[in-house]
Amino acid sequence: MGGAGATWCSRRPVRRRWLGGKMAAVSLRLGDLVWGKLGRYPPWPGKIVNPPKDLKKPRGKKCFFVKFFGTEDHAWIKVEQLKPYHAHKEEMIKINKGKRFQQAVDAVEEFLRRAKGKDQDLTIPESSTVKGVMAGPMAAFKWQPTVSEPVKDADPHFHHFLLSQTEKPAVCYQAITKKLKICEEETGSTSIQAADSTAVNGSITPTDKKIGFLGLGLMGSGIVSNLLKMGHTVTVWNRTAEKEGARLGRTPAEVVSTCDITFACVSDPKAAKDLVLGPSGVLQGIRPGKCYVDMSTVDADTVTELAQVIVSRGGRFLEAPVSGNQQLSNDGMLVILAAGDRGLYEDCSSCFQAMGKTSFFLGEVGNAAKMMLIVNMVQGSFMATIAEGLTLAQVTGQSQQTLLDILNQGQLASIFLDQKCQNILQGNFKPDFYLKYIQKDLRLAIALGDAVNHPTPMAAAANEVYKRAKALDQSDNDMSAVYRAYIH
C-alpha cells in the first residue's frame, strides 16, 4: 500500500466527516478503526496507532498514523482522508471488490471478534527498522473512483501503480536493445548484462554489488547502457511496454529487494513519490542496508520526504540528479549532483564513473535538488532567449544562420547553443530533453525562489513562453521547440 504524509497530530479528538459534501462532527481518536485513503488507490481499513518514537514527524497538515489491515503498511494519513470504519463499511465494500481488500476486511472483523474478549494493541514497536513505517507527502485525492481510474476486480489496491492503464510492467530497452542480452535468472528477476564483455573499460573496476535501475526513458536508457558497458550487472524495471524490445519486468519492490543499490530516474515529483510509496513500490522492498539513489529532477521537499521514508525502514538514501541530455547520457558524459549518505555516494563511485564525466557531493539531502533546479533554470531561460533572438532576426530581415555563425565565434559559443540553433534552423525537434520537463523544472525553480522570497523574473518570463509552447502541443518535442511559441 502506498505511503502518505503530513504532520502527526495530538491525541485530541478531531471532528470531521462528510455528509452531502459538508463537514459534520465526528470524533477520531487513537485506537479508532478507520478507512484511510492513499492517492488514487481505494480506501483501505486500518487502525489509528502511535508512531515509533524515533520516526521524525513529517511536515504538513494534521494527520493520524494508521496501521492497515491485511498488509505490512503503516502511513501518516491526513485527517480529511479518514472516515470512521463502521459508519462507512457498507459504502466501501460496494466500491471495492478485490481479493486482498476482502481479506483486509475479514482481518478487521477477526480483530473485532478477538477484541471482545481481549484488548488488542496494534501500537507499532518503537524501532526504526519496523516494517511498513511510512511518511511523506500526500496528494489531494477524491474518494470515489473516476472513469479514468476504475476499481478493477483484480485487486486494484495492489495493482502495479505506474502502468498508465497498462496491465503489465515491462522492461523497455529502446536505444540499448542491440547492446544487451536478457538473462532470465532462476530467481525470476530480469537482469541485463553487456553482450560483449570486452566492452568493459579497464580504467573502471565495476562494483561487485548488485545494481537495480528503475525508469528507462531518454536518460535512463543511456545510463543503463553505460553501466553495462563498464561491467556492472543490472536489473531493470520500466512502467510501460509500448516500445519495441520490451520484455516482462518485475515490480520496483522486487528489484530493490534483490539488489544492493537501486537507482531510479523518473519524470517529476509525483512519479518519484508514486515509485517509492505506491503498492509494490520501492518502499516495499527496502530492508536494513538496502540502498536507493534517486536521480530524478524534483524539488527539495519531495526528495527530503523520500529520504525520510527510506531511512525509516533502515535503508540508505542518496539523491543524484543529473545535468545533461539524451546524447550526453548515451555518451556517459552526464554531470552528477549528489547529496545525502556520503558512504553510499562512495559506494556508487564506479557507477557514477560509468554514467558521467564528473560528480559533485553537495552535503545534506535537498542540496542537490536545489542546485539541479538552478542549473536547469539557467539552461531553460537561455534556450528561450536563443529562440527569441532567432525569431527577432527573422522578422527584421536578418539571416538566422549568420546570427548562429556570429554567436559561435563569440563568448557564447557552446555545443548547447549550436545544437539547439541547428534544431531550429532544420525544423528538427526530436526530443533530446523534453520541453515539458524543462518547463516543469522552471516552475519548480520559481517555487524555490518564492520559498526564500528571492525574485526570479527571468525564469518566470521564460516559463510563460514554455507554457505557450505546451499549449501549441510541443510538450513531447525537444526544449528547442519553444521557438514555435514565438512564431504562432
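The following paragraphs look at one strand with its pairing partners, and then at one pair of packed helices, in a predicted model.

Strand S21, which spans residues 334–340, is mostly covered, with six of its seven residues buried. Strand S22, formed by residues 356–361, runs parallel to S21 and is joined to it by five bridges; within this pairing, leucine 337 has phenylalanine 360 of S22 as its bridge partner.

The helices can be described in another way, because two packed helices are characterised by the angle between their axes and the distance between the axes. For helix H1, residues 85–95, and helix H2, residues 99–115, the axes come within 12 Å and cross at roughly 155°. Angles over 145 degrees count as roughly antiparallel, and H1 and H2 are therefore roughly antiparallel to each other, while their crossing is left-handed. On the H1 side the contact is made by Tyr85, His86, Lys89, Met92 and Ile93, and on the H2 side by Phe101, Val105, Val108, Glu109 and Leu112. Sorted by class, the residues in this contact of H1 with H2 comprise seven nonpolar, one polar and two charged.

How values were computed
Residues are numbered from 1 along each chain as its sequence is written. This is a predicted model: local features need pLDDT of at least 70, side-chain atom pairs count only at pLDDT 80 or more; totals for chains, interfaces and linings use all residues. Side-chain values use heavy atoms; hydrogens and water are left out. Buried means under 20% relative accessible area, exposed over 50%, partly exposed in between (1.4 Å probe, protein chains only). Helices (H or I, at least four residues) and strands (E, at least two) are DSSP runs, numbered from the N terminus. Two strands pair if DSSP finds at least two bridges between them. Axes are lines fitted to C-alpha atoms, for helices over the stretch in contact, and angles run from 0 to 180 degrees between N-to-C directions. Angles under 35 degrees count as roughly parallel, over 145 as roughly antiparallel, 65 to 115 as roughly perpendicular and the rest as oblique. A crossing is left-handed if the near helix is turned anticlockwise from the far one by less than a right angle, and right-handed if clockwise. Contact means heavy atoms within 4.5 Å. Ala, Val, Leu, Ile, Met, Phe, Trp, Tyr, Cys and Pro count as nonpolar, Asp, Glu, Lys and Arg as charged, and the others, Gly among them, as polar.
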